[in-house]
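Good morning, and thank you for coming.

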Amino acid sequence: MLILQALLSGLLNGGIYSLVAVGLTLIFGVMRIINFAHGSLMMLGMYVSYWLFVLWGVDPYLALIASGSVLFAVGVLIEAVLVSPVLEAPEHDQLLLTLGISLVIENLALFLWKADPRTVTVPYLAVAPMVGGIMISSPRVIAFVVSLALTAVLYVFLKRTDLGKAIRAVSQDREGALTVGINMRRIYALAFGIGCACVGVAGGLVVPFYAVDPYVGGVFVITAFVVVVLGGMGNFGGALLAALIVGLAESVAAVFIPAAMKQVVMYTIFVVVLLFRPQGLFGARRA
Amino acid sequence: MSLSIEEGEIVSVVGANGAGKTTLLKAIAGLVRPTGGAVELRGERLDRLPTHRIVERGVVRVPEGRRIFPEMTVRENLELGATPPQARRKRPESLSRVWDLFPILRERARQLAGTLSGGEQQMLAIGRGLMSLPTLLMLDEPSLGLAPMVVKEIFQTIRRINADGVTILLVEQDVMHSLGMSHRGYVLENGSIVLAGGGPELLANQHIRTAYLGI
Ligand SMILES: Nc1ncnc2c1ncn2[C@@H]1O[C@H](COP(=O)(O)OP(=O)(O)O)[C@@H](O)[C@H]1O
Ligand SMILES: [Mg+2]
C-alpha cells in the first residue's frame with residue numbers, strides 16, 4: 001500500500017517536473033542558454049496566483065491564465081532587454097547574467113513580500129478522497145493532468161504549426177534558420193516567453209498544495225535541471241519521460257530512506273546515468 | 001573588392017580553400033557584416049538590414065554544408081524555405097516547381113532530411129532556397145563531397161533554374177565546371193579579387209590554368 005501511495009505521488013510530482021523542465025529545455029534547445037532564473041520565475045508565477053486569490057478571491061485554476069500570461073510577458077521582456085545582448089557571449093557570462101536575474105527577482109520578492117511561507121486554502125480542494133486505501137490529493141491530480149495537457153499542447157504546437165516548426169528549425173540548425181529568413185529575435189523572444197509561461201503555470205498549479213516563499217523555486221528547479229540533463233539537453237520528449245522517472249524514483253526512494261536523503265537518490269541516478277550515457281537517457285536529439 | 005552581378009546572369013566566384021568565398025556570401029546575406037563598403041541590390045543598401053529582410057528581398061543563400069533541418073521531413077524543410085511572407089503565399093506553386101526539378105525529393109517527401117544521401121541533401125538545400133522565391137540565388141560549393149555524376153546533375157539543374165529567370169551567384173572550388181557554365185567569373189585569393197572576366201575567357205587564362213587546373 002505504501003509503495004502504491006508512493007508510486008502515485010511520484011507520478012503526480014513527475015507531471016509538475018515535466019512542465020518546469022519542458023520550459024527549461026525549450027529555452028536551452030533554441031537559444032543554447034541555461035536559464036538559472038527559471039526557479040525564481042516559477043516563484044513569481046506562484047505569487048501571481050497567491051495574490052489574486054488573497055486580494056480578490058480568484059480561483060487558483062482561473063489564475064493560471066494570469067500566471068502564464070504575466071510570466072510570458074516577463075520572459076519576453078527579460079529576453080529582449082537582458083538575454084539577447086549576451087547570446088553570442090561566452091557561456092560563463094550568460095551564466096552570470098541568468099544567475100544575477102534570479103538573485104534580483106528573489107530579493108525583490110523578499111523585500112516586497114517577506115520570507116514567510118504563505119499558503120492558500122481552497123475549500124473545495126480540502127477533501128482528499130481515499131480509493132482502495134490510497135489517498136488521492138485532488139490539487140496534485142489536477143496539477144498533474146494540467147501539466148501533461150499543457151506539455152502535449154506545446155508538443156503539438158512545435159510539431160504542427162508553422163511557428164512551432166520555425167522554433168524547432170532554430171534549434172536544429174541556427175545557420176539554416178537564418179538562411180530561410182526566420183526572424184531570430186522574434187523566435188528567441190517567443191521561445192523564452194513560452195519557457196517562462198510554462199514555469200509560471202507550473203507555479204500556479206502548485207500553489208494550492210505548496211507554500212510560497214521567495215526561495216521556493218529552487219526546490220523544483222534543481223530537480224528540473226536534473227530532468228533536463230537526463231532527458232538530453234534540448235530534447236522535449238526526453239524531458240517529459242525523465243520527469244516522470246525522476247518523480248517516481250524520488251518518491252519510491254522516500255519509502256525506504258529518510259526523506260532528507262531523497263535528493264541523494266536523485267543525484268545518484270543523475271551521476272550514474274551521466275557516467276554511462278553523458279548525452280542523457282534519450283540523447284540530445286533536438287526537439 | 002568590387003563585384004557586380006547583372007540580372008539573369010550566372011556569375012561564379014572561384015578560389016582555393018580559405019580564399020574568402022563563404023565569407024563573401026555571408027556578407028551579402030547579412031550573416032557577417034562588412035567593416036567597410038556596401039552591399040546594394042538595385043540601389044538599395046542591404047548591409048544594414050537584418051538577415052530575414054535580406055531574404056525577403058529575394059537574396060537567398062544555399063549555404064556550404066547544406067544546413068538543412070535534419071530532424072524534419074523533406075517536405076517540412078521545403079515549407080520552411082517559404083518563410084518570407086510573399087513566399088509563404090506562393091507555397092503550393094513553389095513546392096510543385098521543386099518537385100518538378102527534383103523528383104527524388106517528392107519520393108522522399110515524408111522522410112527525415114537527416115537520412116538523405118549527400119546529393120539528395122544538396123538538392124533539398126537548393127530546393128529550400130527556391131522556396132524563398134529568390135531573384136538572386138547564391139550557392140556555396142554545391143558540388144562539395146559529391147560523386148561526379150551527381151555534380152553533373154546539380155550543375156544542370158542550376159542552369160535550368162537560371163533559364164527560369166533566377167540570377168545565380170555560384171561559389172566553387174570546381175573551377176572547370178563552374179567557369180564553364182558561367183557568363184562571368186571572379187577569382188578570389190586571400191580575400192581579394194585578383195582576376196575577373198568572361199567565364200570561358202578565364203578558363204583560357206594562363207594564371208588560372210597553372211594555379212587551379214594544373215595544366
Ligand atoms: N575579405 C576578407 N578579409 C579578411 N579576412 C577574410 C576575408 N574573407 C575571408 N576572410 C577570412 O578567411 C577565412 C576563410 O574564409 P572562407 O570564407 O571560409 O573561405 P572559403 O569559403 O573560400 O574556403 C575566414 O576565417 C575568414 O574570416
Ligand atoms: Mg567556403
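Helices (H or I, at least four residues) and strands (E, at least two) are DSSP runs, numbered from the N terminus. This is a predicted model, in which local features need pLDDT of at least 70 and side-chain atom pairs count only at pLDDT 80 or more, while totals for chains, interfaces and linings use all residues. Residues are numbered from 1 along each chain as its sequence is written, chains are lettered from A and ligands numbered from 1 in the order in which they are written, and side-chain values use heavy atoms, with hydrogens and water left out.

I begin with chain A. A:Lys114 is found in the loop between helix H4 (91-113) and strand E1 (130-131) of chain A. Its phi is positive, about 65 degrees, although A:Lys114 is not a glycine. Most residues other than glycine have a negative phi. A:Arg32 also has a positive phi, of about 55 degrees, and is not a glycine; its place is the loop between helix H1 (2-31) and helix H2 (38-56) of chain A.

I turn to chain B. An open sheet of six strands has the order E4-E5-E6-E1-E7-E8, with mixed pairing; two strands pair if DSSP finds at least two bridges between them. The edge strands, each pairing on one side only, are E4 (59-62) and E8 (192-198) of chain B. Strand E7 (184-189) of chain B is joined to E8(B) by six bridges, and the two run antiparallel. Within this pair, B:Val187 has B:Leu195 as its bridge partner.

Which helix packs on the sheet, touching E1, E4, E5, E6 and E7 of chain B? That helix is H1(B), whose direction makes about 150 degrees with that of E5(B). Contact means heavy atoms within 4.5 Å. Axes are lines fitted to C-alpha atoms, for helices over the stretch in contact, and angles run from 0 to 180 degrees between N-to-C directions. Helix H8 (148-163) of chain B lies across E1, E5 and E6 of chain B, running at about 155 degrees to E6(B).
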